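Let's take a walk through this model, from its ion pairs to its sheet and one bit of its surface. Have a look at the fold first, then read on.

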Amino acid sequence: MRRIISHTQRFMRTTIENMSESLYVDGLANLRQTKLNLDIDKLKEIVKLLKTSKSVTFIGDSHELADFYTLQLEMLVNDIPAYLINFYEFEKMYLNQLDHNDTIVFIGVYKEWFSDAQKEILDYAKERKIKIIAFVQEDYLKEYADLLYVYGIPDSYNDGYYSLPYLNRLLCEMIYFKL
């Protein structure tokens with residue numbers, strides 16, 4: 001997980017109890033915002049696309065991928081090839097194996113961490129007409145995503161990690177619904 005100076009300075013002269021309460025409040029706020037803005041119709045569209053894809057590749061950092069690991073397993077037990085690939089280990093040539101019947105799920109928590117290498121991956125995927133689903137806290141990927149799902153609170157950095165397991169669990173259960 002990445003740390004930013006302002007985040008670590010925030011807790012420099014505080015007690016563990018105060019820090020604990022602050023983190024709890026931040027996490028609840030992010031989760032609450034995700035729930036308040038829950039777009040069931042968009043999630044249904046996402047699940048339909050996932051279920052009809054030839055394969056699904058989840059792209060994120062190791063923490064984001066861990067939050068979506070059970071969704072990958074649910075897809076595998078339902079005969080949908082699904083892969084988790086860390087941004088930093090992703091090779092553009094992997095996309096050469098994919099086509100318009102495949103889907104990439106891009107998971108991000110903060111727009112300022114969207115790198116040129118990630119942009120290049122999405123540009124190339126778009127060029128190859130690979131479907132792209134994006135889960136992000138801001139709408140910075142609207143030009144890339146076929147389905148964009150904005151969750152959490154914009155500019156809340158790591159607090160988005162509180163909402164990702166909730167979205168993962170929701171999608172895992174929705175796979176079994178007739179949509």
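How many salt bridges does the structure hold? There are seven salt bridges, each one a side-chain nitrogen of Lys or Arg within 4 Å of a carboxyl oxygen of Asp or Glu.

## Ground rules

This is a predicted model, where local features need pLDDT of at least 70, side-chain atom pairs count only at pLDDT 80 or more, and totals for chains, interfaces and linings use all residues. Residues are numbered from 1 along each chain as its sequence is written, and side-chain values use heavy atoms, with hydrogens and water left out.

D102 pairs with K54, and their closest N and O atoms sit 3.7 Å apart. (Helices, H or I with at least four residues, and strands, E with at least two, are DSSP runs numbered from the N terminus.)

D102 is buried at 1% relative accessibility, whereas K54 is partly exposed at 44%. Here buried means under 20% relative accessible area, exposed over 50%, and partly exposed in between, using a 1.4 Å probe and protein chains only. Salt bridges with shared partners also link K54, D99 and D102 into one network.

## Salt bridges within helices

In helix α6 (residues 116-127), D123 and K119 are four residues apart, about one helical turn. Their side chains form a salt bridge at 3.0 Å, N to O. D123 is partly exposed at 33%, and K119 is partly exposed at 35%.

Helix α7 (residues 164-174) has E173 and R169, four residues apart, with a salt bridge of 3.0 Å, N to O. E173 is partly exposed at 38%, but R169 counts as exposed at 54%.

## The sheet

Five strands make an open sheet in the order β2-β1-β3-β4-β5, with parallel pairing (two strands pair if DSSP finds at least two bridges between them). At the edges are β2 (82-86) and β5 (147-150), each pairing on one side only.

Strand β1 (residues 56-60) runs parallel to β2 over five bridges, and T57 has Y83 in β2 as its bridge partner.

## A nonpolar patch

Which residues form a nonpolar patch on the surface? They are Y24, V25 and L28, and Y24 is found in helix α2 (residues 16-36). Patches are made of residues with over 30% relative accessible area and no salt bridge, with like charges joined within 9 Å and nonpolar side chains (Val, Leu, Ile, Met, Phe, Trp, Tyr) within 5 Å.

Methods: Accessible areas come from the Shrake-Rupley method with a 1.4 Å probe; for residues, only the protein chains shown count as cover.
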